[in-house]
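Dear colleague,

Please find below the structure that I am handing over to you. My notes on what was found in it follow directly after.

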Amino acid sequence: MGKIAFVFPGQGSQTVGMGQSVAGANEKAAAVFQKADEKLGMDLSGLIQNGPLDKLTRTENAQPALLSVSTAILQALQEAGIHADFTAGHSLGEYSALVAAGALSFEDAVYAVRKRGEYMDEAFPNGAGAMSAVLGLDRGVLEEVAEEVSSEGETVQLANLNCPGQIVISGTAAGIEKAGALAKERGAKRVLPLQVSGPFHSKLMEPAAEKFKAVLDGIAIRDAAVPVIANVDAEVETGAVDIKAKLIRQLYSPVLWEDSVKKMISLGVDTFIEVGPGKVLSGLIRKIDRSVKTYAVQDMETLEAAVGALQK
């Protein structure tokens, strides 16, 4: 067998009740939720368990909730003897990846992503920014569309380069509307507006990055014990100084997910374990390279199935 990568989902994968079967079966997993409640001074575990979904989905709640669930499942995986050669996460998921790699303590990470969510929500007036998924258009053509609309005074950037034919754009609401129409003219199959509270991973998030730097200055970031593939450049990262700089840049830079997956495959990864709710990343990875194995581990049933398959 080749190398194993743990990959961690980002915002949008949250569901009420996520991670509860693992917490019920594993003491270390259950302890993660308790640590989150204590660090944040709120009943985050109750919100995860019982909802309501609209409150759980709010950026400042969804981010620590997803980190907590991914970290809880990680504990159970590691206890079963499954360990990663590389880690990576999609946007918010990069913080889960850094916890898994030993670069951040869980307590520091859960505090940081709670503040990250607050600052992202505050950075741009609600409704003035937007994001859309563009399906079936080449990256280069979409970059030209974004530049064309931006040259007219709006802001449009490529935000998530997820897999061939699936790219998310981010920017001003008017700019995203114009870019969506232009993308269809240039051959996009579909343009799907996303239900988000702001223009994430665009330069409109720079005010959030300025504030967020102070949060990262106040926590301990260590060299990673396991190599992490960074969102902003799809390169291997282990050094604490560079990890911190890239986390700040990540707020207003594109998530190079397709490039990150290809990088891990080039480094010998043939097995990807998605650690956390949903199976969005597993689907994207299969679209990038069908020859690799993917396991989406989100509850005890999928955890036991993945461990059984990997131990064979």
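A negative surface patch is formed by Asp138, Glu143, Glu144 and Glu147. Patches of this kind consist of residues with over 30% relative accessible area and no salt bridge, like charges being joined within 9 Å. Asp and Glu count as negative and Lys and Arg as positive, while His and the chain ends are not counted. The place of a charge is taken as CG of Asp, CD of Glu, NZ of Lys or CZ of Arg. Accessible areas come from the Shrake-Rupley method with a 1.4 Å probe, and for residues only the protein chains shown count as cover.

Please note that this is a predicted model, in which local features need pLDDT of at least 70 and side-chain atom pairs count only at pLDDT 80 or more, whereas totals for chains, interfaces and linings use all residues. Residues are numbered from 1 along each chain as its sequence is written, and side-chain values use heavy atoms, with hydrogens and water left out.

Helices (H or I, at least four residues) and strands (E, at least two) are DSSP runs, numbered from the N terminus. Glutamate 143 has a relative accessible area of 36% and is partly exposed; buried means under 20%, exposed over 50%, and partly exposed in between (1.4 Å probe, protein chains only).

Salt bridges are the next topic. The structure holds 14 of them, each being a side-chain nitrogen of Lys or Arg within 4 Å of a carboxyl oxygen of Asp or Glu. In one, the side chains of arginine 139 and glutamate 258 meet at 4.0 Å, N to O. Arginine 139 lies in helix 8 and glutamate 258 in helix 12 (residues 257-266), so this pair ties together parts that are 119 residues apart in sequence. Arginine 139 is partly exposed at 28%, whereas glutamate 258 is buried at 11% relative accessibility.

Glutamate 258 also forms a salt bridge with lysine 262, the closest N and O atoms being 2.8 Å apart. Both residues lie in helix 12, four residues apart, which is about one turn of the helix. Lysine 262 is partly exposed, at 43% relative accessibility. Arg139, Glu258, Asp259 and Lys262 are linked in a network of salt bridges.

A further salt bridge joins lysine 263 to glutamate 235, with 3.4 Å between the closest N and O atoms. This pair links distant parts of the chain, 28 residues apart: lysine 263 is in helix 12, and glutamate 235 is in the loop between strand 7 (228-229) and strand 8 (236-237). Lysine 263 is partly exposed at 24%, as is glutamate 235 at 37%.

As to the overall fold, the protein has 14 helices and ten strands. Buried residues make up 55% of the 312 residues. One of the buried residues is alanine 36, with a relative accessible area of 1%, and alanine 36 lies in helix 2, residues 27-40.

With kind regards

Notes:
Patches are made of residues with over 30% relative accessible area and no salt bridge: like charges are joined within 9 Å, nonpolar side chains (Val, Leu, Ile, Met, Phe, Trp, Tyr) within 5 Å.
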